Protein chains: 2
Amino acid sequence: MTHPLDPVFHPRATAIVGVSSKQTSMPSFLHALREQGYHERHALYPVNPKMTEVAGLRCYPSLLSCPDPVDHVISQIPARGVLDLVDECVAKGVRSLHLFTAGFSETGSAEMAEMEKEIVRRLAAGGVRLIGPNCMGLYVPSSGLAFFPDFPRQAGPVMVISQSGANAAEIVYSLADRGLRFSKVVSFGNGPDVDAAELLRYAAEDPETKIVAMYLEGVKDGRAFFDALAACAARKPVVILKGGLSALGARAAASHTGSLAGAADIFEAVCRQTGAWRVDSLSELSDVVVALSTGVSEVAGNRATFMTGGGGMAVLSADVLARFDIDLPEFSPELQGELRQFIPEAGTGVRNPVDAAIGFQVGDQAGRALRLFASGVDVDLVMCNMGLPGPGFQVSVGVGSEDAREGMVHDTLHQMASASADTGVPFVGVRKDHDTDQGAMTVFLGKAMDLGVAVFPSVERAARTVASVLEWRDRRRVIDLPPVV
Amino acid sequence: MTHPLDPVFHPRATAIVGVSSKQTSMPSFLHALREQGYHERHALYPVNPKMTEVAGLRCYPSLLSCPDPVDHVISQIPARGVLDLVDECVAKGVRSLHLFTAGFSETGSAEMAEMEKEIVRRLAAGGVRLIGPNCMGLYVPSSGLAFFPDFPRQAGPVMVISQSGANAAEIVYSLADRGLRFSKVVSFGNGPDVDAAELLRYAAEDPETKIVAMYLEGVKDGRAFFDALAACAARKPVVILKGGLSALGARAAASHTGSLAGAADIFEAVCRQTGAWRVDSLSELSDVVVALSTGVSEVAGNRATFMTGGGGMAVLSADVLARFDIDLPEFSPELQGELRQFIPEAGTGVRNPVDAAIGFQVGDQAGRALRLFASGVDVDLVMCNMGLPGPGFQVSVGVGSEDAREGMVHDTLHQMASASADTGVPFVGVRKDHDTDQGAMTVFLGKAMDLGVAVFPSVERAARTVASVLEWRDRRRVIDLPPVV
């Protein structure tokens, strides 16, 4: 495949115009590209007439003075200088211009909106594609492009299409923390040229993209967007968070990316008709992408075994599951008897929900109990609350050290993955964000993702996601779309 | 005041019967009491016929062989030995027995339910109060009593009344992490003697208790509970999380504490009629107690200024606020002009929501901008998203080091508190749990609580809580209850 956007995602030479010598200038694309190793694989040209060198790289006085060819230009200059830069891009024969530069149609000024149109006209005439204005641009790990220095350098299956740079970054960070990686991430801002529709059409064809996550504020050409969304969603899961669905949010969207946000019910109908998956928040978006990347995506129905430590937690968890219409079939007396071989009598319960965090989480017994949760009763999934109530509790049960606790939780994770493989029933873990320090949590969630076990930070988020998977699949069935995971 | 329960909360000598030599026995009340320094202030008698010493303390073969007097007895022995222990408690003249021991009415066995009744009869005849069975018992920092070793040793204004020990611990940990401290925490399990109603009557009178947080599964005497709740809620805020409101949850509650959970609509009516504050989850309970302990409790209405970094975040936040009926009055052109003196033009917005995380968060300018958010427009509160999108972003804005970032965020917090004091408008902060490591976050949230600034981990939880404060106060007004915060 050679899609017109492919060269934009894979520039062999990039110039950063208006580069600053300070790493602390916001944002430092130079710093980000260097940290990603772009300059080790490709040509990187800082441009600023006031400097001859920056960060160990030769600095050029203008775009035209850079060596040929320059494929991609990142602009950090003020809006008033952009038209000249556009002409230079055309003269230099670049393929794409990324305008981080803001201050165009989103300001509400007629003059600046007209300038934005003129930019698009001149670039189109010269065969140059435009990312932005008013955006963070591209993160393509396979090319070494990124807008923040600490984005993962490895590539993966998730493509992110976002008008907002901060939300794109939030999506990247939150999914990266949960073990996911990215094919392409595009923050496209006002989007008068490269827009949501074109990026969706690209995503549909891109062999590196398996899942599409979008943050959208407004759509200029509704028909083109609908067609592109339908084409992409027919082939791959497309998860969409729409900003500006309220009147307050729409007002904010108008001043953010100059978008007309549109009515909530129309957007909901678009998602229903195309088989796209609408979510209500960034955290829900992250949960859904995790579900799509693990065994939960194939959950067959709403019957679950639930296990947690603490009887009160079991009661509250059952209430939460009921709210999301997840059922907990009762265990037979025989199954309860079998479980009692692994689970001590005092202070635990072997009905469903199972009230037992400990006592069987070591070695073989854990694996046998977990298998019984999946095979001793007719269920579609097993949900395990993997956290322990608190540090004091953990000291009490002999896992006071960080290492001992992490060892125990990782062991349980392996047992869950193995029980899932043996029984064909997906396992879901619940572990609070602050159950351990951030580094240890990232390692744990990375391992969970490698093992195909979805982990959520609360019972509520786990239950909501499972219910949402079931609903989304039903909706696709209704409109005769095939399963895509 | 000398309430009948006061001596129970302040025992001068405690015996732990069935104590184990292992810190890892679950739970180790001995370890917890030692860590809390109980033995430094009072007499502590481990009881186990198989040992003569444990953890540096003399161990006694039986309760009767302990020196006189023994005020409080904690039982870790199996259920079958409890009746004998009960007789010894009466003979020894103890005031209270805490049965951590489980296996009574909650098992569903008629025989064990009868034994529970017999225990209550014998203790009542002997003038001994019963905490439990099937519970974690007492955490009273002013006495040095606790059921987990790492509960805070300082006391504070929150009383927790919980049937579940794990949920009591979760409430303690989650509120302690947010800077709150406790007067008394009681996990009372099946509760055939000391129960929710008596504890509410105590809380109403207790001068050390300003706020009551409850976790409840079932109520045996509905009228007594209603009267006690009404009496307490008339004088102090009472926040209640009810487990078992769904059929699934009720089934779990029956096997956890033998409770009949009752219908959701009846419980809702009880809360409405008494002015108690019903919440749906442990996190909501924690948010509400934070609100009651800070300036948010006095928020006058639903008009807010909202500030966050990132235009897309501003759009999504506005959508969330709209969902909770919080309004964002538009800023006048004059106010926008004034704000432009502190907030740079590029990539920010000075409408409401304000899109600016940086550029004015240092020194004097931050304080001036924050004051304008409260006084330059007619609002009832100011909400500031204090987190930054991610580590890469933070590096880009020059706060890459942990210390620099924490310094900046703490500085903003002080500016918020001072702007709130000057303008009379409550300020609310939003900062994600994993925005920094757990230790630094605890320090930050402790400082926020000291300064009276409520901080929530998400815009959604902040907005939900503010809306909930307004609704709760309206409900109290309708039934002619006075404000209690």
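Modeller: Gladly! In this predicted model, strand 5 of chain B runs parallel to strand 6 (residues 96-99) of chain B, and four bridges join the two.

Colleague: Which strands stand at the edges of the open sheet in chain B?

Modeller: Let's follow the order of its five strands, which is 2-1-5-6-7 with parallel pairing. Neighbouring strands are turned by 20 degrees against each other on average, direction ignored.

Colleague: How many charged residues are in the lining of the largest cavity?

Modeller: The structure holds four cavities of 30 Å³ or more, and about 50 Å³ of space lies in the largest. Its lining includes B:Phe29, B:His72 and B:Met136; helix 2 (29-35), strand 5 (72-75) and strand 8 (137-139) of chain B each supply at least two lining residues. By class there are eight nonpolar and three polar residues, and the number of charged ones is: none.

Colleague: At what angle do the axes of helix 11 and helix 18 of chain A cross?

Modeller: Two packed helices are described by the angle between their axes and the distance between the axes. Helix 11 (residues 282-292) and helix 18 (residues 459-478) of chain A have axes that come within 10 Å, and their crossing is right-handed. The angle is roughly 65 degrees.

Colleague: How many residues of that helix contact in chain A are charged?

Modeller: Among those that meet are A:Glu284 and A:Asp287 in helix 11, with A:Arg461 and A:Arg464 among those in helix 18. The contact residues divide into five nonpolar and two polar, while the charged ones number four.

Colleague: Which residue does a cis peptide bond join to B:Gly132?

Modeller: For this bond, omega is about 5 degrees. Look in the loop between strand 7 and strand 8 of chain B. The partner of B:Gly132 is B:Pro133.

Colleague: And what is phi of A:Ala55?

Modeller: A:Ala55 lies in the loop between strand 3 (53-54) and strand 4 (57-58) of chain A. Its phi is positive, in a residue other than glycine, and the value is near 50 degrees.

Conventions: Residues numbered from 1 in each chain as written. Chains lettered and ligands numbered in written order. Predicted model: local features only at pLDDT ≥ 70, side-chain atom pairs only at ≥ 80, totals over all residues. Heavy atoms only, no water. 1 Å grid on protein atoms, 1.4 Å probe; cavity = no way out; pocket = protein on both sides within 12 Å on 5 of 7 lines; lining within 4 Å. Points joined across faces, edges and corners; volume = space filled by probe spheres on them. Nonpolar A, V, L, I, M, F, W, Y, C, P; charged D, E, K, R; others polar. Axes fitted to C-alpha atoms, helices over the stretch in contact; angles between N-to-C directions. Left-handed = near helix turned anticlockwise from the far one by under 90°. Contact = heavy atoms within 4.5 Å. Pairing = 2+ DSSP bridges.
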